[in-house]
Amino acid sequence: MRASVTRCPECGWEIDPEDEMCPNCGAYLADYEDVEPSEG
Ligand SMILES: [Zn+2]
């Protein structure tokens, strides 16, 4: 089982850690790198 898997924040597609763009929807991970779940 892999511990660190990068998933597209847009479509949830599994992306290689060396990839910086989602091959499924084409979303740039750099744009979401700073995104974090906020409660409240
Ligand atoms: Zn995507």
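These legends accompany close-up views of a predicted model.

**View 1. The chain as a whole, with its 2 strands and 0 helices.** In this predicted model, the secondary structure of the chain consists of 2 strands, with 0 helices assigned. Of the 40 residues in the chain, buried residues make up 5%. When contacts between residues at least 6 apart in sequence are considered, 3% of them join residues that are at least 24 apart.

**View 2. Pro 9 in the loop between strand S1 and strand S2.** Strand S1 covers residues 6-7 and strand S2 covers residues 14-15, and Pro 9 lies in the loop that runs between them. Pro 9 has 16 other C-beta atoms within 10 Å, and it is therefore classed as partly exposed, since that class lies between the limits of 12 or fewer for exposed and 20 or more for buried. Although Pro 9 and Cys 22 are separated by 13 residues in sequence, their C-alpha atoms are 9.2 Å apart in space.

**View 3. Cys 25 in the segment after S2.** Cys 25 is found in the segment that follows strand S2, and it counts as exposed because 12 other C-beta atoms lie within 10 Å, where exposed requires 12 or fewer.

**View 4. The contacts of Cys 25 with residues elsewhere in the sequence.** If neighbours within four places in sequence are set aside, Cys 25 is in contact with Cys 8, Glu 10, Cys 11 and Trp 13.

Notes:
Residues numbered from 1 in each chain as written. Predicted model: local features only at pLDDT ≥ 70, side-chain atom pairs only at ≥ 80, totals over all residues. Helix = DSSP H or I, 4+ residues; strand = E, 2+ residues; numbered from the N terminus. Contact = placed C-beta atoms within 7 Å.
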